[in-house]
2 protein chains.
Amino acid sequence: MKQDISGQLLAVLALLLVVGFASAAEPDPLPSWREGVAKSSIVAFVDRVTQEGSGDYVAPAQRIATFDNDGNLWAEQPMYFQLFFAIDRVKALAPQYPEWASQEPFASLLKGDVKAALAGGMPAINELIMTTHAGMTTDEFAVLVRDWIASARHPETGRLFTDMVYQPMLELLVYLRANDFKTFIVSGGGIEFMRPWTEAVYGIPPEQVAGSSVVTEFELRDGKPVLVRMPEIRFIDDKEGKPVGINSHIGRRPIFASGNSDGDLQMLQYTAAGQGPRFMLYLHHTDAEREWAYDRESHVGRLDKGLDEARERGWTVIDMQRDWKTVFPERRD
Amino acid sequence: MKQDISGQLLAVLALLLVVGFASAAEPDPLPSWREGVAKSSIVAFVDRVTQEGSGDYVAPAQRIATFDNDGNLWAEQPMYFQLFFAIDRVKALAPQYPEWASQEPFASLLKGDVKAALAGGMPAINELIMTTHAGMTTDEFAVLVRDWIASARHPETGRLFTDMVYQPMLELLVYLRANDFKTFIVSGGGIEFMRPWTEAVYGIPPEQVAGSSVVTEFELRDGKPVLVRMPEIRFIDDKEGKPVGINSHIGRRPIFASGNSDGDLQMLQYTAAGQGPRFMLYLHHTDAEREWAYDRESHVGRLDKGLDEARERGWTVIDMQRDWKTVFPERRD
């Protein structure tokens, strides 16, 4: 009897050791994700496509993953963060433009009434963007963005905007890259508004960022070549534009696409239509406590048709409140 | 005395061993390049920017190298190879378009008179390209290119077009990548004409290819998303367009740029204008025997202003006849 018990104890000890080693060897790659369908679906997909010899194996070169940015990698409430940048630019430029005191959308903005300023809808937003995002060289614009992003803070949380990124998504990016995925941003936001900081914040280099753009023109200024940002939209990388942008920029169809709004639906449809294993991921903003809760009725980041299609087609939907242990990373300041 | 001689012999042996090991450890990375200024300048530049701690050190992420394609990575005589593709498409499509028998530029092409067909200049070439490069999905176009490139041959050499690439440039691409450069194509050629084969031929993946493009539109066909190529130019990635294309596609300024014609001049100027070490490289077609000799007067790949500017500014110019031991790789068929 004694010997039997010893044997059993040894077996249990051995088992504990094995489990211990196994968990030591493979720490959870997604520690901010709660156990659940979203997390397990992601891990199962990555395991499937990286297992050599399996029928679902995908060669590393084909492991293209695309991520929307606003509301998907960082927050987008109460309005797109790029608009805060535009507003701060208006304030900085105002002394040079006294006429703005009586000219919309600038007049309202300068009085601090953003809502009234944006009441003019797309034409007002367009004027705001063109005034603040064009008329300088690409190098000058990059400096403006770098300076702003280093210090500007979210009006409600007081965090740096680069601290309003989602910790679970940062982990997902790292996890995918560790499995030889190439991660891209495909965003409706301005491509040159994102590039100065995406490498430091997301580990995504400028050449893997696609976004909306203005026309740029080559000029020799005092014999020195510069690219000048013109007040004319070149490309809107949203909705139908996302697959177009992916094709133009990447030239391969993603096997993994992640978004949070109807603006991402065509990207997910385009991804889903490829041959072989595919993963389509929607982030559903359900957490009024830790972030914001919004979907079908929101003016920013509306998720309506996309939510229906995701449910019909069995795409993975992250329920932020349920699936994420943590939303934002530790504050760095 | 005896001992002294032994000592000297030993020293000589040791020296020979060291030299032997050194050359065994570092085989020539550019074996098809003759010793000379072009080769030694390239190697010196790569050594400078990769030496950690040196003032000229460039971090790997910033080691962006851009290459023109036509006449730079593969040949371009007697005309751009993409035109051979267009002509072969006209022949394949002709049965569906009986009216082409009397309609230029198609009529001349179908009679085999390319010169007469192209006498119409850019409008004729534009019509030829639009007819043969638009009106299908991006996936369908990629299949057409893949099928053609696998079998089409150069009319003068009888080689596959993918065997009309320059062996020394293949070695240069490999050498740069071995030194953590990221290599890009920035070509006036069609982006979707190149992407199906650049990875296999040059080791350059689709997402690192920038080129000229047509407008593409997202469509759901029977519920399946496709991108349709429209008969409308979106972007010409040549001359002033090259820095624009680089900024749009890569979002960083290259530190190494390689071209062969005036169409590459702005790319080289833009590269030269960056801060820190830079390398600008022109390929001068001087070898009528093994390839073609042409420069200031050529209609294809004219190198005139660029040659002057290269000499004034001390850019490196490859003299094909003098600097390359081999031009083309071994035939694969």
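**Close-up views of a predicted two-chain model**

**View 1. Crossing of helix α9 of chain A and α10(B) in the predicted model.** The axes of helix α9 (residues 191-202) of chain A and α10(B) come within 10 Å and cross at roughly 60 degrees. Angles of 65 to 115 degrees count as roughly perpendicular and those under 35 degrees as roughly parallel, so α9(A) is classed as oblique to α10(B). On the chain A side, I191(A), E192(A) and R195(A) of α9(A) take part in the contact, and they meet N247(B), S248(B) and H249(B) of α10(B). Sorted by class, the residues of this contact comprise one nonpolar, three polar and two charged.

**View 2. The interface of chain B and chain A.** Contact between the chains involves 36 residues of chain B and 36 residues of chain A. The size of an interface is often expressed as the accessible area that is lost when the parts come together. Here the area buried between chain B and chain A is about 3000 Å², and carbon and sulfur atoms give 48% of that area. Of the area that chain B buries against chain A, 21% is supplied by E207(B), F218(B) and R234(B), more than by any other three residues.

**View 3. Salt bridges and polar contacts between chain B and chain A.** Eight salt bridges are counted between the two chains. One of the residues involved, E207(B), forms a salt bridge with K182(A), in which the closest N and O atoms are 2.8 Å apart. Across the interface of chain B and chain A, 23 residue pairs are in polar contact, both residues being at pLDDT 80 or more. On the side of chain B that touches chain A, at least two residues each come from the helices α7 (138-151), α9 (191-202), α10 (241-249) and α11 (265-272) and from the strands β2 (182-190), β3 (209-221) and β4 (224-235) of chain B. By class, this side of chain B has 16 nonpolar, nine polar and eleven charged residues.

**View 4. Helices α11 and α12 within chain A.** The axes of helix α11 (residues 265-272) and helix α12 (residues 305-313), both of chain A, come within 10 Å and cross at roughly 25 degrees. Because angles under 35 degrees count as roughly parallel, α11(A) is described as roughly parallel to α12(A). L265(A), Q269(A) and A272(A) of α11(A) make the contact with K305(A), G306(A), E309(A) and R313(A) of α12(A). The contact of α11(A) with α12(A) has two nonpolar, two polar and three charged residues.

Definitions and conventions
Residues numbered from 1 in each chain as written. Chains lettered and ligands numbered in written order. Predicted model: local features only at pLDDT ≥ 70, side-chain atom pairs only at ≥ 80, totals over all residues. Heavy atoms only, no water. Contact = heavy atoms within 4.5 Å. Buried area = accessible area lost by both parts, 1.4 Å probe. Salt bridge = Lys/Arg side-chain N within 4 Å of Asp/Glu carboxyl O. Polar contact = N/O pair within 3.5 Å; in protein donor to acceptor, adjacent residues only side chain to side chain. Helix = DSSP H or I, 4+ residues; strand = E, 2+ residues; numbered from the N terminus. Nonpolar A, V, L, I, M, F, W, Y, C, P; charged D, E, K, R; others polar. Axes fitted to C-alpha atoms, helices over the stretch in contact; angles between N-to-C directions. Parallel < 35°, antiparallel > 145°, perpendicular 65-115°, else oblique.
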